[in-house]
Amino acid sequence: MSDAALHIDGIGVRFGGLWALSEVSFEVERGAVLGLIGPNGSGKTTLMNVISGVYKPTTGEVRYGGHRIADVPTHDVCHLGIARTFQIVKPFANLNARENVAVGAMYGREGSKRSTRAAFERADELLEVVDLARVAYRRASDLTIPDRKRLEVAKALALDPEVLLLDEVMAGLNATEVEEALELLRRVNQRGVTLIVVEHLMKAIVSISTCIVVLAEGRKIAEGAPADVLASPQVIEAYLGSRWVKRQAQLEQIELERREAQHMPPPSPS
Amino acid sequence: MTVAAAAAALRRAGLGGITGSPLAFAVVLVAMALLLAVPFAHNGYLNNVFRNILMYAAMAYGWNLIGGYTGYVSFGNVTFFGIGAYSAAVLSAHGIDNLAAGVAVGAIASAAFAVVIGIPVLRLKGHYFGIATLGIALAVADIVANLDALGGSSGIAVHQVDDAHFSIYYYAMWLVALASILGTYAIARSKLGYAFVAIRENEDAAAVLGIWATRYKVTAWAIGAMMAGAAGAIFAPANGFIDPSITFATDANVFPIAMTILGGIGTVAGPFIGAVILAGANELLQRYFVKAHTLFFGAMIVVIVLVLPRGLVWLFGLRGGLRAWAKSLTTYKA
């Protein structure tokens, strides 16, 4: 028995002739904060869609609590305890913020136990948690982009998840807001929710993650503790390019040669 | 400050929200109470006019659940009205003239048809759904016109109770309209209503929040079908005769949609307000312009949709009066 909450096993996703993901495998420990990083187009969002049951993988499977996610209809994934946010936010534009969150509280994992009133009370609590109580009665379409991101998080939390997938919820936030968002995620994690965080902000992801998985061109190229992963040559290459790595190597070579040249005695005339 | 505070208190009490303006809802209830008085005029013509308004209101509420709340624009809801009417006619042919029995059978038959048709058809989205429902409406009308058991295209007589002013049918229709209004209100105050609206706003996001879209779309269509079916089951004996061209009429299909849009799509008060105005206007135009009334009627709908795209109920919630409305004309974005 491993303590893993989520098993991601040999996932491949093909769109036409393009493999957006291939042979991606890792496990997520219960209570962990897993950072999922990679350059643009590396397949992070696709993987989030597979884990949340929106896409069916071409190969492999995601298992959670004895269920294969691919066998579970999208609307039942949240009842298993998996919730997600969307990178491109999908609010219910004509409902206010409070109603947006309440819908999650009505139909999520604990939804069947809640009355309409209880769902709205839960929504009020969560709006407080994500600092949206100030715009609770504003239509979602009238919210600012950072507020819409907060709303996404509140809606996902309203599902009472065990595993929360966060797709770039910090993009577009300023430094203070990122700090607040991280604080919020830590609090959520301390309540026992496993987090899978996709983020471009390296500083943010390093500070919160217990483990990092790096994707590049649809493959997993590194996995491990944040510091180790970021030092790995493959990751540097994926982010900064092979030319950069080659050039670094050339510079090192030149430096080496220069040093050698300095230490070596000048060639003596014969 | 007091207005804002009162509005905030109403919102906290859960009023407003997806029911639409509470004030507009109150106006509808008062109007319904007043409509109870119509039969006291002992005027068969008036009873017919107002019974038609109530009938269209019930059909508009039926359409509002799927088209307004759930966002699936159906052009086939007249089918449910027809199924209700023919259910009552068939019962009557077998010697069962009980209105309540007709309404029950008509509503249940319509809902059953909505479930059977809805499970495949509600997988379609947007225009495709609309076209499919229109096709079904035309097909059902043609099938009925060719079924000798139902009188074919020449129709079928329905037994009428002996009532000089048709007051029984008037009150029965009033009850069906009231049930449609209160039913819609109850749905809009419940979790069910929020499932419908979530599907309308974004079906994918709704699914991620645990809403099984197919189930709730079929539910919305079936409940709406019951409203139209019940109205049809009263119309049949009230009219004394039905045939496919009456029960599956284009008017009966389009009017409820126009009424809901005029009154306020996806609100509790909208369909009633739209039904009173459009059915009333249609009646008057028909009286004074025997041939050209449809022209005026059509022009009226166009103008209303242009100047009031969100319906009359929206005006109830508008702060700033006429100036705010004028401003909305220039800044409205679909």
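Okay, let's start with two helices in chain B. Helix 5, residues 99–121, packs against helix 10, residues 213–239, and the angle is about 145° with the axes 7 Å apart. Keep in mind that this is a predicted model. The crossing of helix 5 of chain B past helix 10 of chain B is right-handed. And what's in that contact? For helix 5 of chain B with helix 10 of chain B, we get 19 nonpolar residues, 6 polar and 1 charged.

Staying in chain B, have a look at helix 12, residues 250–263, and helix 13, residues 270–288. Their axes come within 7 Å and cross at roughly 115°, so helix 12 of chain B and helix 13 of chain B count as roughly perpendicular to each other. Helix 12 of chain B also passes helix 13 of chain B in a right-handed crossing. If you want to find the spot on screen, the residues that meet there include B:Phe255, B:Met259 and B:Leu262 from helix 12 of chain B, and B:Pro271, B:Phe272 and B:Ile277 from helix 13 of chain B. By class, that contact of helix 12 with helix 13 of chain B has 10 nonpolar residues, 4 polar and no charged ones.

Now over to chain A, and to helix 3, residues 97–107. Here 11 of the 11 residues are buried, so helix 3 of chain A is largely enclosed by the rest of the structure. Among those buried residues are A:Arg98 and A:Glu99, along with A:Val101, A:Met106 and A:Tyr107. What do they pack against? In chain A, it's helix 4 (116–129) and helix 5 (145–157), and from chain B, helix 8 (191–201) joins in.

That takes us to where the chains touch. Chain A puts 24 residues into the contact, and chain B puts in 19. On the side of chain A that touches chain B, helix 2 (74–80), helix 3 and helix 4 of chain A each give two or more residues. Which one gives the most? That's helix 3 of chain A, with 6 residues. That side of chain A splits into 11 nonpolar, 9 polar and 4 charged residues.

Last stop, the sheet in chain A. It's an open sheet of 4 strands, in the order 2-1-4-5, with antiparallel pairing. Strand 2 (18–29) and strand 5 (67–68) of chain A sit at the edges with a single partner strand each, so one side of each has no neighbour in the sheet. Strand 5 of chain A is joined to strand 4, residues 59–64, by 2 bridges, and A:His67 is the bridge partner of A:Tyr64.

Definitions and conventions. Residues numbered from 1 in each chain as written. Chains lettered and ligands numbered in written order. Predicted model: local features only at pLDDT ≥ 70, side-chain atom pairs only at ≥ 80, totals over all residues. Pairing = 2+ DSSP bridges. Axes fitted to C-alpha atoms, helices over the stretch in contact; angles between N-to-C directions. Left-handed = near helix turned anticlockwise from the far one by under 90°. Nonpolar A, V, L, I, M, F, W, Y, C, P; charged D, E, K, R; others polar. Buried ≥ 20, exposed ≤ 12 C-beta atoms within 10 Å, placed from the backbone. Contact = placed C-beta atoms within 7 Å. Parallel < 35°, antiparallel > 145°, perpendicular 65-115°, else oblique.
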